[in-house]
Amino acid sequence: MAKKPLNIGMIGYGFMGKAHTNAYATVGNFFELEYEPVLKALCARNAEKAQEFADNWGYESVETDWRALIARDDIDAVDICVPNNLHKEISIAAAEAGKMILCEKPIAMDVAEGEAMCEAVEKAGVNNMVWYNYRRVPAVTFAKNIIDSGNLGRIFHYRANFLQDWTISEDLPQGGEALWRLDADAAGSGVTGDLLAHCIDTAIWLNGGIKDVSAMTETFIKERVHQDTGEVQKVTIDDACAFLCHFDNGSLGLFESTRYARGHKALYTFEINGEHASIKWDLHDLHRLEYFDHRLEGPMRGWRSIHVSDGDHPYMGNWWVPGLNIGYEHSFVHQVADFIQGLESGTPAGPTFRDALETQKICDAVLESGASRSWQDVQKADV
Ligand code: SOE
């Protein structure tokens, strides 16, 4: 049966632009879907670079103004892969134009912006999603299935880290095309919105909502040259952030992220300790889920390392033969597959904008707690 086209208008061509484009281009080959993503248009301010990217990845056309992209009748879904300070304006305009929206994480600069974005997509009734891709690593989805089946029993602890080391040099400028993540005006925050947001999204998906937080944040290098102005300017992002929290289910959480952990490039790990069993996962070995079950017979009891690559593991039946690995980029392919299946079934795939707003609320509370050195309640939907 001929597939229905899902015309994609991509805004931005950085690292995430590639990851998402690769997912649209690949998904139809591995997942049986009614819709086939079509790389309709790539939008970026620099016409030459936009054309180069479009040619390389197979986009049919190029725009240099996102408003022109959104105005096009032949675009069904807008993918927002630009710095966080542009998410709100583009999302609201895209929603008003009736486009579906797939937006990079974090949803926005802060809760107020995220709230306005949620209202816009809900008013327009357009499908929406935020790219928290790690939910779709098969071992992480498998962890979700194990937890939801009640196997862990009551959960006591949730621990997560996201550690990197790419900003240690004092000579690294802030701001500008590839370095906007270091500029609070473009990013909203540092590691909290960039890295901890991933940990928080996974945590609330696996273990439920967070009630309150107590955080510490640090900016190790206080001034850097700004790439756009050439001036030395104050650094206002958080270089490192750690926080404690209480989950709604009574468990305790401990989270840490930094870009100053020499030797770590993208060490995302989590561990969950329950009454009967524990689970551990590490992005560097993303196929493995470590599992300890206390209910097993005494002498044989121990940590199991499950290679999540068999046909009956989440998503894996769509790929190669059992036992063969897939990688980081496949988490994005899975997210597109789920988004499209959500269109087909009428039950939207998460995280929707509304789901991602919960993560934003926790990020805002963490930053406020770090600044005020006090425990902060996380805003609840009914407050
Ligand atoms: C930062 O270095 C970064 O690329 C994040 O922006 C991504 O969201 C994360 O997945 C990997 O690290």
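The centres of domain 1 and domain 2, taken over C-alpha atoms, are 23 Å apart. Domain 1 covers residues 4-132 and domain 2 covers 134-377. These bounds come from an automatic or database domain assignment. Residues are numbered from 1 along each chain as its sequence is written. The model is predicted: local features need pLDDT of at least 70, side-chain atom pairs count only at pLDDT 80 or more, and totals for chains, interfaces and linings use all residues.

Start where the domains meet. Here 36 residues of domain 1 are in contact with 38 residues of domain 2. Two residues are in contact if their C-beta atoms, placed from the backbone, lie within 7 Å. Which elements give two or more residues to the domain 1 side? They are helix 1 (15-30), strand 2 (35-43), helix 5 (111-124) and strand 6 (128-131). Helix 1 gives the most, with eight residues. Helices (H or I, at least four residues) and strands (E, at least two) are DSSP runs, numbered from the N terminus. By class, this side of domain 1 has 24 nonpolar, eight polar and four charged residues. Ala, Val, Leu, Ile, Met, Phe, Trp, Tyr, Cys and Pro count as nonpolar, Asp, Glu, Lys and Arg as charged, and the others, Gly among them, as polar.

Six strands form it in the order 3-2-1-4-5-6, and their pairing is parallel. Two strands pair if DSSP finds at least two bridges between them. Strand 3 (61-63) and strand 6 are the edges; each has a single partner strand, so one side of each has no neighbour in the sheet. From one strand to the next, the twist averages 25°. Strand 1 (residues 4-11) and strand 2 run parallel, joined by eight bridges. Lys4 stands opposite Tyr35 in strand 2.

Helices pack on this sheet too. Helix 1 touches strand 1, strand 2, strand 4 (77-80) and strand 5 (100-104), and its direction makes about 150° with that of strand 2. Helix 4 (residues 87-96) touches strand 1, strand 4 and strand 5, and its direction makes about 170° with that of strand 5. Axes are lines fitted to C-alpha atoms, for helices over the stretch in contact, and angles run from 0 to 180 degrees between N-to-C directions.

Move on to strand 7 (residues 155-163). Strand 7 runs antiparallel to strand 13 (residues 267-274), with eight bridges between them. There, Leu163 stands opposite Leu267. Strand 7 also pairs with strand 12 (residues 252-258), in the parallel sense, over seven bridges. Here Ala160 stands opposite Phe255.
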